[in-house]
Amino acid sequence: MDALQKTLEIKNLTVEYVVDKEVVHAVTGVNITIPAGKTFGLVGETGAGKTTTALSILNLVPVPTARIVSGEIFVEGQDVFKMSPRQLRAMRGNKVAMVFQDPMTSLNPIKTVGEQIAEGIKIHRGVSDKEALQRAMNMLEMVGIPGGRVSAYPHQFSGGMKQRVVIAIALACDPDILIADEPTTALDVTIQAQVLKLINELKKKSHMVMLMITHDLGIVAEVCDTVGIMYAGRIVECGTLADIFDNLRHPYTRGLFDSLPDIENRRAELKPIPGLIPDPMNLPPGCAFHPRCTYAKPECSRDLPQIRWLSDTHYVHCHLYNETVENMLI
Amino acid sequence: MNSLGKILLEVKNLKKYFYVPAGTLHAVDDVSFTLEEGRTLGVVGESGCGKTTMGRAILRLVEPTSGEIFFDGRNVRKLNASEMRYMRREMQIIFQDPFSSLNPRKTIAETIEEPILLAKLIPDSNKRFMRVLDLMDIVGLAQRLINTYPHELDGGRRQRIGVARALAMNPRFIVCDEPVSSLDVSIQAQILNLMKNIQRDMGITYIFITHDLSVVNHFSDDIAVMYLGRLVEKAPAEALFEKPLHPYTEALLSAIPVPRIHNRHERIILKGELSSPINPEPLCRLAARCNKCMDICTREEPPLIEIRPNHFVACHLHKPMGS
């Protein structure tokens with residue numbers, strides 16, 4: 001039972017936004033399963049649908065602009081789309097917590113950090129103010145900030161410390177599932193290194209499920225177990241770290257890696273992906289990546305590629321693998 | 001990549017202080033270096049280290065507190081306003097944020113044309129229009145976009161406008177202030193390649209300011225590392241990445257998340273956070289965070305010295321050449 005409890009399962013999630021009567025296909029047919037203690041990295045560029053996927057888990061997509069077209073998300077075996085408002089409130093910040101991208105705007109400037117950490121503890125644990133504040137102090141110390149600073153305000157902290165506070169808030173109620181939306185993007189690299197170390201330590205300690213949203217493949221290599229590469233609302237390739245870093249198959253994944261400067265070979269030429277991310281209101285027919293793909297075949301602009309499992313852990317959405325898996329084209 | 005080229009830019013003891021209620025903020029503190037024509041100097045450091053202020057001070061977009069800047073042998077700080085305006089044709093800047101650095105009410109054509117018009121470079125309007133088309137072509141903007149406004153374009157295209165605008169004056173030197181930081185990786189690679197090709201074709205000298213060490217390594221010939229207003233290390237890119245001498249550079253390099261899963265290296269994690277740049281004490285500014293901190297580090301500020309040819313470092317761990 002315990003194994004079932006600490007899992008996150010997203011099944012066939014499709015989310016649309018309706019803007020000026022036009023439909024934006026933000027997320028289409030996304031499937032993600034994360035077992036207890038594992039971290040799933042969701043990678044993609046701006047507008048790929050990463051954050052919409054994350055917000056859906058908390059049932060926080062902005063209705064009515066957003067519309068959950070289909071799909072189920074199981075948290076502890078319960079579908080979040082079927083939960084009552086009361087059940088949702090009980091889940092958010094308790095069983096499922098989220099670390100938002102920008103620590104500068106996700107903290108309340110007129111409340112002390114202690115109050116902000118204690119707020120969730122009071123609501124979900126029903127403890128006294130004093131006890132909640134004590135627990136807030138412990139949380140601060142856990143993320144490496146002296147407990148005595150509970151009565152400080154966010155503006156008295158640097159960016160790295162604010163992000164630690166945000167992490168402390170998320171972890172205050174000991175969540176089973178942690179969603180981290182680009183938790184280190186706004187931080188400097190030496191501070192990022194500190195925060196990533198902290199996240200890795202917490203993972204080991206608490207055995208939680210983590211969904212890590214990032215555009216940085218370096219961070220994925222550091223903290224994730226499984227990776228999904230997202231493009232124009234779909235997961236186009238998904239596998240273990242080894243599947244993606246040693247054995248990638250999708251041309252878009254290839255393009256992402258080739259776009260990164262190689263730290264060891266500074267003369268290596270960058271090979272950017274030609275063209276731009278498509279307009280999500282007006283996605284190309286067939287495979288959404290085909291206009292930018294150097295391997296595109298006639299069927300790519302006609303038919304949507306089906307899921308092709310290359311191994312027990314690795315799948316790809318690409319016409320190149322319709323007939324053969326062995327033929328390494330990329 | 002021999003270092004025998006002509007020196008285009010020489011910066012001597014450049015300082016920029018800001019006077020704030022809490023005291024004097026040392027944004028750029030006694031920075032000196034030279035840059036040869038056609039090369040790229042990458043400037044790296046974390047937020048608040050003074051890299052942007054330094055770039056702007058070199059162009060006198062903020063007036064330096066003291067120090068000298070020689071561009072092609074001329075003392076830039078001695079120029080009067082009209083001479084400086086003329087000089088800026090040769091010294092341009094590309095800004096960080098393509099979303100806020102473009103006038104939302106001007107079309108692409110008007111935006112690119114503006115500097116040419118202001119400098120009265122091409123009086124004939126037809127010729128000027130041809131020049132705009134030419135510039136759009138150089139930076140890879142399709143001609144059909146000529147009458148579009150910035151809000152209609154994505155970040156990559158907007159940054160191409162920023163590049164075209166900087167190139168409009170035929171400059172010899174461009175300060176690029178985090179030109180790709182706000183772009184997605186696939187677009188970032190497009191812009192970096194564009195800027196490299198422009199340098200190859202036109203022989204432009206760059207100062208490339210960034211916090212992204214993989215990008216700076218790829219893009220630069222020499223790299224300068226800044227920490228709290230100080231230049232702490234400067235060396236050719238290969239040398240710096242192969243054997244960083246300053247403990248801060250070492251930690252910075254080891255902190256880069258590397259996109260691979262084998263042969264991962266051990267991290268050096270610096271303690272704490274940046275100290276305040278307001279009224280700094282005369283000691284090594286990294287001392288409190290440094291894991292190699294010695295007694296002398298908390299007493300004396302280390303000067304920038306040449307340890308090996310072209311490899312400069314400001315750290316008490318290292319002795320000058322030949323001593």
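**View 1. Fold of chain B.** Chain B has nine helices and twelve strands, where helices (H or I, at least four residues) and strands (E, at least two) are DSSP runs numbered from the N terminus. Its radius of gyration, taken over C-alpha atoms, is 21 Å, close to the 20 Å that the globule rule gives for 323 residues, so chain B is as compact as a globular protein of that length; the rule is 2.2 Å times the number of residues to the power 0.38. This is a predicted model, in which local features need pLDDT of at least 70 and side-chain atom pairs count only at pLDDT 80 or more, whereas totals for chains, interfaces and linings use all residues. Residues are numbered from 1 along each chain as its sequence is written, chains are lettered from A and ligands numbered from 1 in the order in which they are written, and side-chain values use heavy atoms, with hydrogens and water left out.

**View 2. Interior of chain B.** Of the 323 residues in chain B, 54% are buried, meaning under 20% relative accessible area with a 1.4 Å probe, protein chains only. Among contacts (heavy atoms within 4.5 Å) between residues at least 6 apart in sequence, 62% join residues at least 24 apart.

**View 3. The face of chain B towards chain A.** Here 42 residues of chain B are in contact with 43 residues of chain A. The area buried between the two chains, which is the accessible area (1.4 Å probe) that they lose on being put together, summed over both, is about 3,600 Å², and carbon and sulfur atoms give 56% of it. In chain B, V185(B), I261(B) and E273(B) lose the most area to chain A, together 17% of what that side buries.

Notes
Buried means under 20% relative accessible area, exposed over 50%, partly exposed in between (1.4 Å probe, protein chains only).
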